[in-house]
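This briefing covers the fold, the overall dimensions and two residues of a single model. Please read it beside the sequence and the coordinates.

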Amino acid sequence: MAVARKGGRTHIRAGWVYVVCMSVVVVTAFAMSALAFTIPLAVRQITRPLRPAELSDFLRVQRVFA
C-alpha cells in the first residue's frame, strides 16, 4: 500500500495478497495455454469447416502460440 509503513503489518499483508493473486494468474495462464495447445479448435471456436491445408496451418500456429 502506498500509505502503509514499509515492513509494517499492513505492508506485509498486502504483499501476501499480491503473491496469492499473482499465483492465481500464473496457474490460470498455464491452464489456458494447455487447453489452447491440446484442443485449439474447441478453444478458438472455429465455426466454418477448414480445408486440410488450412487446418494444418491453423493447428501449427495455435500450438506455437500456446
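Buried means under 20% relative accessible area, exposed means over 50%, and partly exposed lies in between (1.4 Å probe, protein chains only). By that cut-off Q62 is buried, at 12% relative accessibility. The model is predicted: local features need pLDDT of at least 70, side-chain atom pairs count only at pLDDT 80 or more, and totals for chains, interfaces and linings use all residues. Residues are numbered from 1 along each chain as its sequence is written, and side-chain values use heavy atoms, with hydrogens and water left out.

**Fold and dimensions**

- The protein chain has three helices and zero strands, where helices (H or I, at least four residues) and strands (E, at least two) are DSSP runs numbered from the N terminus.
- The radius of gyration is 20 Å, well over the 11 Å that the globule rule gives for 66 residues, so the chain is more spread out than a compact globule.
- That radius is taken over C-alpha atoms, and the globule rule is 2.2 Å times the number of residues to the power 0.38.
- The C-alpha trace spans about 60 × 20 × 15 Å along its principal axes.

**Burial**

- Of the 66 residues in the protein chain, 8% are buried.

**Q62**

- Q62 is part of helix α3 (residues 52-65).
- Beyond its neighbours within four places in sequence, Q62 is in contact (heavy atoms within 4.5 Å) with P40 and R44.

**T28**

- T28 belongs to helix α1 (residues 9-38) and is partly exposed, with a relative accessible area of 38%.
- T28 and A4 are 24 residues apart along the chain, and their C-alpha atoms are separated by 30 Å.
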